[in-house]
Amino acid sequence: MTGLNSWPISKKIVDNFKSFWYYNFMKLGYACINMGFSNRPKSKRITTNRGMIKRTFMQKGIPYASELSLANCKDLIKILKWNKENDIKFYRMSSNLFPWASEYKLETLPDYEEICKVLREAGDYATKTGQRLTFHPGPFNKLAAHDERIVKNTITDLEHHSEIFDLMGFEPSYYNKINIHIGAAYDDKRETAYRFCRNFDRLSDNLKSRLTVENDDKNSLFTTEELYKYMFLDIGSPIVFDYHHYALHPGSLRLDEALDYAMESWGSITPVCHLSESRREEQQNDCLPQAHSDYVYTPIQTFGHEFDLMIEAKAKELALLKYRQIIG
């Protein structure tokens with residue numbers, strides 16, 4: 001490769017330049033909780049995580065769930081407005097927006113009409129201000145489980161997340177992704193992948209068009225290469241590449257090769273990557289290496305790829321703002 005005046009330029013130099021360049025276009029995001037809002041006194045707190053224990057739900061029922069859900073949706077708009085003021089254009093929404101959502105249909109909520117209005121306002125505002133909103137449902141979602149009850153519960157939960165995006169006015173697309181892990185390998189990765197793909201066929205078309213999968217952080221689970229070969233080539237679900245998970249469980253590929261696999265799976269949609277670092281190294285303690293640090297400190301290599309980056313650090317938006325300073 002040649003550059004100005006036909007001087008030879010190494011691929012490494014070019015990739016480093018591209019990494020610097022793409023930092024300027026990358027959307028940095030944070031997940032669910034805004035620390036500045038959540039740490040306020042209770043009467044002034046802004047959060048989308050209002051919930052209740054099961055006993056309270058059994059006592060107060062759907063009307064109280066509706067009340068909390070409406071308050072969560074209203075505060076979502078406040079968080080999106082704060083994001084706009086701070087030039088943050090990537091945000092992961094909380095899966096706790098609707099407490100005990102598995103126990104009722106959204107349309108049965110007494111405040112359903114107002115909730116729909118507020119969610120649509122939030123969706124329109126996100127679109128207008130260029131904010132990318134995503135979901136990452138919890139680890140109990142196991143679409144490849146042997147137990148049919150677990151599979152049905154997983155489908156119910158994932159469809160609930162997709163319904164929220166429908167109510168927000170988002171066209172089904174991986175841009176507003178719903179991301180999960182495979183959840184387990186059950187001692188047979190190929191058979192587990194096959195089961196995942198066949199259960200994927202049971203999902204609604206809208207959900208299929210939003211569902212992504214993520215590489216894992218344990219040797220017994222799935223690498224980026226395995227997700228690509230066993231799942232993407234079958235069902236077409238893009239791969240969310242997690243840098244920290246790769247560091248713990250790289251498989252046989254170099255970092256740039258694994259990232260290439262993930263980036264290719266997104267087609268024309270801007271991919272998403274996750275970034276966290278080990279809490280063990282940050283805090284110098286003996287916690288599990290998979291535990292996330294409060295902040296992230298090391299600029300990543302993009303190897304010339306353009307993607308949006310979710311900061312999965314415990315300090316949330318504070319970690320994002322600090323990382324902005326680190327990468328300049």
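Trainee: Which residues in H6 are buried?

Mentor: This is a predicted model, in which local features need pLDDT of at least 70, side-chain atom pairs count only at pLDDT 80 or more, and totals for chains, interfaces and linings use all residues. Residues are numbered from 1 along each chain as its sequence is written, and side-chain values use heavy atoms, with hydrogens and water left out. In H6, the buried residues are Lys189, Thr192, Ala193, Arg195, Phe196, Cys197, Asn199 and Phe200. Buried means under 20% relative accessible area, exposed over 50%, and partly exposed in between (1.4 Å probe, protein chains only). Helices (H or I, at least four residues) and strands (E, at least two) are DSSP runs, numbered from the N terminus.

Trainee: What do the buried residues of H6 pack against?

Mentor: They pack against helix H5 (148-167), E4, helix H7 (205-208), strand E5 (211-214) and helix H8 (224-235). Contact here means heavy atoms within 4.5 Å.

Trainee: Where is Tyr186?

Mentor: Tyr186 lies in the loop between strand E4 (178-180) and helix H6 (189-200). Its phi is positive, about 55°, although Tyr186 is not a glycine. Asp187 is found in the loop between E4 and H6, and has a positive phi of about 65° although it is not a glycine either.

Trainee: Is Asp187 buried or exposed?

Mentor: Asp187 counts as exposed because its relative accessibility is 83%. Tyr186, at 30%, counts as partly exposed.

Trainee: Changing topic, at what angle do H3 and H4 pack?

Mentor: Helix H3 (residues 54-85) and helix H4 (residues 112-128) pack at about 15°, with their axes 10 Å apart. H3 is therefore roughly parallel to H4, a term for angles under 35 degrees. Axes are lines fitted to C-alpha atoms, for helices over the stretch in contact, and angles run from 0 to 180 degrees between N-to-C directions.

Trainee: Which residues in H3 meet H4?

Mentor: Among them are Ser66, Leu70, Cys73, Ile77 and Lys84 in H3, and the H4 residues they meet include Glu114, Val118 and Tyr125.

Trainee: And where is Thr48 found?

Mentor: Thr48 is in the loop between helix H2 (35-38) and H3. With 2% relative accessibility, Thr48 counts as buried. Leaving aside neighbours within four places in sequence, Thr48 is in contact with residues including Cys32, Asn72, Tyr91 and Leu97.

Notes
Parallel < 35°, antiparallel > 145°, perpendicular 65-115°, else oblique.
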